[in-house]
Amino acid sequence: MAVSHRLFRLHSPAKNTLSSFLIRSFSSSSSSSSSSSHGPSLDPEIDLEEAAAQLEKSSSPSPSPSPSKGRNFHWVFLGCPGVGKGTYASRLSSLLGVPHIATGDLVRDELSSSGLLSSQLKELVNHGKLVPDEFIISLLSKRLEAAKEKGESGYILDGFPRTVTQAEILEGVTNIDLVINLKLREEALLAKCLGRRICSECGANYNVACIDIEGEDGSPRMYMPPLLPPPSCESKLISRDDDTEEVVKERLRIYNKMTQPVEEFYRKRGKLLEFELPGGIPQSWPRLLRALHLEDLYDKQSATA
Ligand SMILES: Nc1ncnc2c1ncn2[C@@H]1O[C@H](COP(=O)(O)OP(=O)(O)O)[C@@H](O)[C@H]1O
């Protein structure tokens with residue numbers, strides 16, 4: 001399906017560029033966003049149509065896919081902040097041999113560059129808001145372009161799509177095989193975000209929260225032990241700037257408003273697999289493998305490891 005055709009109905013007549021979006025969002029930032037003031041890899045003048053065209057180009061198959069570089073799975077992980085998308089997407093990516101592409105990580109890489117654009121984006125991210133569709137699509141296209149150059153095929157997307165517009169654009173360029181919608185009891189989500197820690201040196205993720213929720217109305221007790229760092233990381237732990245109580249609550253609100261309709265988008269297409277996490281990794285991982293019919297592959301890989 002041609003992207004330009006689909007975009008005809010997505011696009012408003014006014015050119016909706018990233019810089020105009022940012023200027024609207026931050027009326028205080030009256031200084032112009034000249035090309036020297038933003039991060040090196042981002043074009044602030046890109047609009048949604050251009051970003052979608054980039055995505056279409058980067059989504060075309062690699063001319064020389066490496067047979068050793070995984071299979072052609074195109075999977076998406078949906079789920080509220082703190083649910084564990086990153087944890088399970090990264091495990092499945094190792095199992096299936098396809099890249100795990102987390103748009104949150106792409107955004108954080110971009111934020112680490114200096115410049116006006118980066119500081120304006122930081123304002124959005126650190127207040128729990130989504131960044132503009134054209135920006136995220138452009139970042140994803142760059143990541144997919146790099147994957148193509150490496151001869152990788154397929155992917156597990158984590159954190160994309162997060163709006164119906166993103167889902168429509170993705171559908172215009174790729175056939176997504178499966179969307180896994182991770183679910184966790186609401187009480188656990190906030191605690192998991194607040195307990196999240198990252199090693200500033202090696203980037204490993206840990207969680208210091210111990211979640212123990214009594215079962216009510218027939219639901220079982222939920223116990224998620226902390227995932228503590230080894231002594232080598234202990235003194236280097238940091239928290240994400242957007243993992244404060246106020247911001248996590250805003251991210252959950254935005255998820256319900258902007259991303260829940262994406263669940264419905266895929267449900268209607270028969271692609272949504274709902275998966276309720278029963279507890280921590282030791283309980284949830286085997287059940288997820290079973291739901292995905294991947295236990296044999298996992299056993300085989302574990303036996304040869
Ligand atoms: N697909 C996307 N669309 C818009 N903004 C995004 C997208 N992916 C990531 N972001 C931005 O990056 C932030 C961090 O993303 P992520 O690490 O996936 O967060 P979460 O833990 O809330 O799932 C989001 O709050 C948002 O500002």
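Reader: What is the handedness of the crossing of α3 and α7?
Author: The crossing of α3 and α7 is left-handed. A crossing is left-handed if the near helix is turned anticlockwise from the far one by less than a right angle, and right-handed if clockwise. This is a predicted model, in which local features need pLDDT of at least 70 and side-chain atom pairs count only at pLDDT 80 or more, while totals for chains, interfaces and linings use all residues. Residues are numbered from 1 along each chain as its sequence is written.

Reader: At roughly what angle do the axes of α3 and α7 cross?
Author: Roughly 20°, and the axes of helix α3 (residues 48-59) and α7 come within 8 Å. That makes α3 roughly parallel to α7. Angles under 35 degrees count as roughly parallel, over 145 as roughly antiparallel, 65 to 115 as roughly perpendicular and the rest as oblique. Axes here are lines fitted to C-alpha atoms, for helices over the stretch in contact, with angles running from 0 to 180 degrees between N-to-C directions. Helices (H or I, at least four residues) and strands (E, at least two) are DSSP runs, numbered from the N terminus.

Reader: Which residues of α3 and α7 make the contact?
Author: On the α3 side they include Leu48, Ala51, Ala52 and Leu55. On the α7 side, Asp133, Ile137, Leu140 and Leu144 are among them. Two residues are in contact if their C-beta atoms, placed from the backbone, lie within 7 Å. By class, the contact of α3 with α7 has 7 nonpolar, 5 polar and 4 charged residues. Ala, Val, Leu, Ile, Met, Phe, Trp, Tyr, Cys and Pro count as nonpolar, Asp, Glu, Lys and Arg as charged, and the others, Gly among them, as polar.

Reader: And α7 with α8, at roughly what angle do those axes cross?
Author: Helix α7 (residues 133-149) and helix α8 (residues 164-173) have axes that cross at roughly 40° and come within 10 Å. That makes α7 oblique to α8. Their crossing is right-handed. Asp133, Ile136 and Ile137 in α7 meet Thr165, Gln166 and Ile169 in α8. The contact divides into 3 nonpolar, 2 polar and 1 charged.

Reader: What about α9 and α11, how do they cross?
Author: Their axes, for residues 186-195 in α9 and 245-268 in α11, cross at roughly 130° and come within 10 Å. That makes α9 oblique to α11. α9 passes α11 in a right-handed crossing. Leu189, Leu190, Cys193 and Leu194 of α9 make the contact with Glu245, Val248 and Leu252 of α11. By class there are 6 nonpolar, no polar and 1 charged residues in the contact of α9 with α11.

Reader: Sheets next. What is the strand order in the open sheet of 3 strands?
Author: The order is β6-β5-β9, with antiparallel pairing. β6 (205-207) and β9 (237-238) are the edge strands, each pairing on one side only. Strands pair if DSSP finds at least two bridges between them. β5 (residues 196-199) and β9 are joined by 2 bridges. Cys199 stands opposite Leu237 in β9, and Ile198 stands opposite Ile238.

Reader: And what do β5 and β6 form?
Author: A hairpin, with 5 residues between the two strands and Gly203 in the turn at a positive phi of about 80°. β5 and β6 pair in the antiparallel sense over 3 bridges.

Reader: Which strands does β4 pair with in the parallel sense?
Author: Strand β1 (residues 74-78) pairs with β4 (residues 178-183) over 4 bridges. β4 also pairs with β10 (residues 272-276), over 5 bridges. In β10, Glu274 is the bridge partner of Asn181.

Reader: Ligand site. Which residues come nearest?
Author: Of the 17 residues around the ligand, Pro81, Thr103, Gly104, Leu130 and Gly159 come nearest. A residue counts as near a molecule or strand if its C-beta atom, placed from the backbone, lies within 6 Å of it. The largest share of the shell, 3 residues, comes from α5. By class the shell has 8 nonpolar, 5 polar and 4 charged residues.

Reader: Last one: which peptide bond is cis?
Author: The bond from Phe160 to Pro161, with omega near 0°. Pro161 lies in the loop between β3 (155-158) and α8.
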